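This report describes one protein model in terms of its core, its helix and a few selected residues.

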Amino acid sequence: KTGDCDDIATLLAAMLISCGNVVRYAIVDMSGVKGGQPVYSHVFCQAMIPSERRWVTVDPVAGKEQADMHKKISASEVFPFR
């Protein structure tokens with residue numbers, strides 16, 4: 001029952017991959033861009049839904065505010081597992 005967003009994202013990604021899913025990490029700036037450079041402050045994973053050809057965000061850290069939190073993302077980078 002402990003860990004921060006990168007610990008939880010890693011655990012979720014490992015569980016999803018072990019079930020055969022395609023997964024990637026998303027690292028985002030939640031605080032706004034400072035000095036023209038993003039300040040990356042949150043990480044979560046995304047799983048591919050092949051039948052719909054879209055990524056689904058898996059982010060239990062966000063809780064009830066997940067939709068609002070993700071709307072506030074000002075910058076992001078995505079890193080696929082290889």
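The model is predicted, so local features are given at pLDDT of at least 70 and side-chain atom pairs at pLDDT 80 or more, whereas totals for chains, interfaces and linings use all residues. Residues are numbered from 1 along each chain as its sequence is written, and side-chain values use heavy atoms, without hydrogens and water.

**Helix 1.** Helices (H or I, at least four residues) and strands (E, at least two) are DSSP runs numbered from the N terminus. Helix 1 has 14 residues and reaches 20 Å from its first C-alpha to its last, close to the 20 Å expected; the expected span is 1.5 Å times one less than the number of residues. Its buried residues are Cys5, Ala9, Leu12 and Ala13. Down the axis of helix 1 these residues fall within an arc of 100°, so they line one face; the arc is taken from the directions from the helix axis to the C-beta atoms. An α-helix has 3.6 residues a turn, so residues three or four places apart point the same way. The cover over the buried residues of helix 1 includes strand 1, strand 2 and strand 3 (54-58), where contact means heavy atoms within 4.5 Å. After helix 1 comes Gly20, with a positive phi near 95°.

**Core.** A nonpolar core is a set of buried Ala, Val, Leu, Ile, Met, Phe, Trp, Tyr and Cys residues joined through side-chain atoms within 4.5 Å. The largest one here has eight residues: Cys5, Ala9, Leu12, Ala13, Val23, Tyr25, Val43 and Cys45.

**Selected residues.** Buried means under 20% relative accessible area, exposed over 50%, and partly exposed in between (1.4 Å probe, protein chains only).

| Residue | Relative accessible area | Class |
|---|---|---|
| Cys5 | 16% | buried |
| Cys45 | 0% | buried |
| Asp29 | 0% | buried |
| Glu52 | 47% | partly exposed |
| Arg54 | 40% | partly exposed |

The structure holds zero disulfides, a disulfide being a pair of cysteine sulfur atoms within 2.5 Å. Asp29 lies in strand 1; its C-alpha is separated by 6.6 Å from that of His42, 13 residues apart along the chain. One salt bridge is found in the whole structure, the term meaning a side-chain nitrogen of Lys or Arg within 4 Å of a carboxyl oxygen of Asp or Glu. The side chains of Glu52 and Arg54 form a salt bridge at 2.5 Å, N to O.
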